[in-house]
Every structure is written in structure tokens, then in C-alpha cells.
Amino acid sequence: MNYYVFVMKVAHNLYIHVPFCMSKCNYCAFYSFACQNPDWNQYANNICKELRFWAEKLGKIGIPTIFFGGGTPSLMPVDIFERIMNCIKECFCVDYDCEITLESNPGTIDKEKLSGFVSNGVNRLSVGVQSLKDEELKFLGRRHDVKTAISLLDCAMNMGLRVSADFIYGLPNQNVNDVINLSTDINKLGLSHVSMYELTVEPNTPFGKMNLNMPDNDTMAQMYSIIPEYLSLPRYEVSNYAKHGEECRHNQNVWNGEAYIGIGRGAAGRVYYDNAWYEQRGNGELFEKIKNETRAIEKILTGMRTMRGVKLSNDVKNQINFDWLNSHKDLVEIGGEYLHTTDAGLLILDDIIADLTK
Ligand code: SF4
């Protein structure tokens, strides 16, 4: 008699990291290099090698979303992007409605180049706008001006892409009114997805070496709380706002605890292999089993950042301190199958997570 071992093929989301930028911004602590002329062929070779490694290990799995993040992915020549996309299609089963996001910076991409990316599958563009004031862009060390950013947003929206824009608030000397004005100015852009990040000063950056007059913690908290009152898009995650149905599917899948592969030197993932979870990086340079309990805690950490919250599946329930939960209903509450923070809880999310888990 023949015995067959049934190995379930689990779909994985793909994150592909592009580490190159034209120059480093004054606040940036991301894994990225200022490099005007990267060796793109070498980059594509390395990416394809990693893709093939994981295809061999996991099989021809389904791919519901692909996210090209950076760095500045829009610097990539279109033929290099095409090579990588062809490799992904050879290796895996890309869903017919796969969300394919490209992160971009204004000034690195024009209409013709954007059309090239779209012809090769990009259906969502994320634009690093950061500010709607030229003097702030200069201060942040960005290379573009407001006009260039707005024309990229308009161009992408006119091409029918789903478009998101990133903004930074809480700059030195800013007050709550500045954030109100920023939010109302963003509304005029007609976007369906916006990310609003608070400026944090990281030690090994040009800002970290300056003595900046940052807004104090109370002002930062007021700024954060006032955004949903003025921005016309509802908040669906700590820093993300979108029209219903326009949320970033890639990030939502990752926050919900689905499997994802990180490709490229600056990326890491959570792979589901042979009925177990693994932390993953590179060509298997890191492939380490994660306990189911640890993975459940990770799901709580990311799920609680979303307004919907974390689904109370059995693995999640096992890690929750229900005594603490029942005595802190002002901070966390259960709605249907999900556990989520209240508005008050959202402001102290990190503290809550520590107490909420056993
Ligand atoms: S463009 Fe983005 S990744 Fe590149 S240096 Fe600026 S903040 Fe960092």
C-alpha cells in the first residue's frame, strides 16, 4: 500500500525590498543606501535567486499580494522590474487579482516610466509626499518639491491606479494647528489612502545629531488624536487611513498574521512550512522555527494596531490575559470575534500589549 503525505500549500504574500535611494533623507534610519548608479542587473540576479530558493522550498504557492518597498523602488529601471515580475510568475501562482504595490518618490518617475510599471502589473502606487510645504521638504532632506509630488499623484490617479501618499507630522516647532491644516490640505488631493507618520528622531541620522526643538509628548498625542477629526478618511490602523475597501491589502494580510516572504537584503518574513511557522531571510540564511505561542503573540502585536483588532482564534485566546482584559474595558474591548483597543487604549498601545499578553 502507498502512503501519501499531504502537505498543504499555504499562500504567501511577497515583500521585495529595493535598498537604493538618490540620497539619504535627514530623518531616515531605514535600511537604504544613497546610490546614484546601482548595479541593477546584479540586484535582479540576487532577487531572482532568493525567489527561486523559496519556490523550491515552498512549492508553487499562491501569491495574493506583492509589495515593492524601499528605499526607492521607483528608481528601478522598468526592464529590471519586468525581469523580477517574470521570475515571480515562473516561480509561483500569482492571484489574478493580486495587489501589486510600488513605493515611489516624486522626481524619480514620470508618466512614461509609470506606464511601464503598470504594463508589468503594478496596480497600486504609494508616494512619499511627506509634506505640502516646500520649506519642510527641504528641511527633511527630500529632493522633490510639492508641485512635483502633486503632479505624480494626479498622473497616477488619472491612470486609474489605487494611490496612497505618506506624510510626516510633528516636525520641530509644529503645533496642533499645523496638523489640522495639513489634514485639510490632504483632503483637497482626493486620495483614497493616506499614511500619517509622526517624526521620530533616530540617533544615527543627521536629525539625531542636531538639537531639534521637537513638540513634547502631550502635543504629539494631541496631534495624533486630532487627525481623524479633520482628515476625511477613516483610520484603519495606527498610522493608516483609507476609504472603505481601499485599505492596503498587503499590510492588512501581514497584520492579520498571514504568511509572507521577505525578499532582498533589508527584508524578513514569516513563512509557513511543513505545518510550522518560520522566521525567514535571504536564501535561507535565516530559517528558524517559531513556536506557535510566539506567532500568536506576534498576531496580537500587529492585529491590535488595526482598528478592527485581532481575531480571537484559539491560539490568540490562549495568549491573552483575560483577568487584565476584564478589568481594563476602558482600554480594550471585544466586538464580535475581534479584540480591539478603545481610543484611549490606542494612545498607550505599547503598554497595553505588554499587559494584555500572558
Ligand atoms: S527616500 Fe525613504 S528610504 Fe530613502 S532615504 Fe529618504 S526616507 Fe529613507
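The following questions and answers concern a predicted model. Local features are given only at pLDDT of at least 70 and side-chain atom pairs count only at pLDDT 80 or more, whereas totals for chains, interfaces and linings use all residues. Residues are numbered from 1 along each chain as its sequence is written.

Me: Which residues touch the most other members of the largest nonpolar core?
Reply: A nonpolar core is a set of buried Ala, Val, Leu, Ile, Met, Phe, Trp, Tyr and Cys residues joined through C-beta atoms within 7 Å, where buried means that 20 or more other C-beta atoms lie within 10 Å of the residue's own, exposed means 12 or fewer, partly exposed is in between, and C-beta atoms are placed from the backbone. The largest such core holds 61 residues, and the members that touch the most others are Leu14, Ile16, Phe167 and Val194.

Me: How many bridges join strand β12 to strand β13?
Reply: Two strands pair if DSSP finds at least two bridges between them. Strand β12 (residues 269-273) and strand β13 (residues 276-281) run antiparallel, and Gly269 stands opposite Gln280 in β13. The two strands form a hairpin with two residues between them, and the number of bridges joining them is five.

Me: Is Asn275 buried or exposed?
Reply: Asn275 is placed in the loop between β12 and β13, and it has a positive phi of about 65° although it is not a glycine. Because 8 other C-beta atoms lie within 10 Å, Asn275 is exposed.

Me: What is the omega of the peptide bond from Gly70 to Gly71?
Reply: Gly71 has its place in the loop between β4 (62-70) and α2 (78-91), and Gly70 and Gly71 are among the residues around the ligand, a residue being near a molecule if its C-beta atom, placed from the backbone, lies within 6 Å of it. The peptide bond from Gly70 to Gly71 is cis, with omega near 20°.

Me: How many residues of domain 2 are in contact with domain 1?
Reply: The chain is divided into domain 1 (13-252) and domain 2 (292-358), with bounds that come from an automatic or database domain assignment. Their centres, taken over C-alpha atoms, are separated by 28 Å. Counting residues as in contact if their C-beta atoms, placed from the backbone, lie within 7 Å, five residues of domain 1 meet residues of domain 2 that number five.

How values were computed. Helix = DSSP H or I, 4+ residues; strand = E, 2+ residues; numbered from the N terminus. Contact = placed C-beta atoms within 7 Å.
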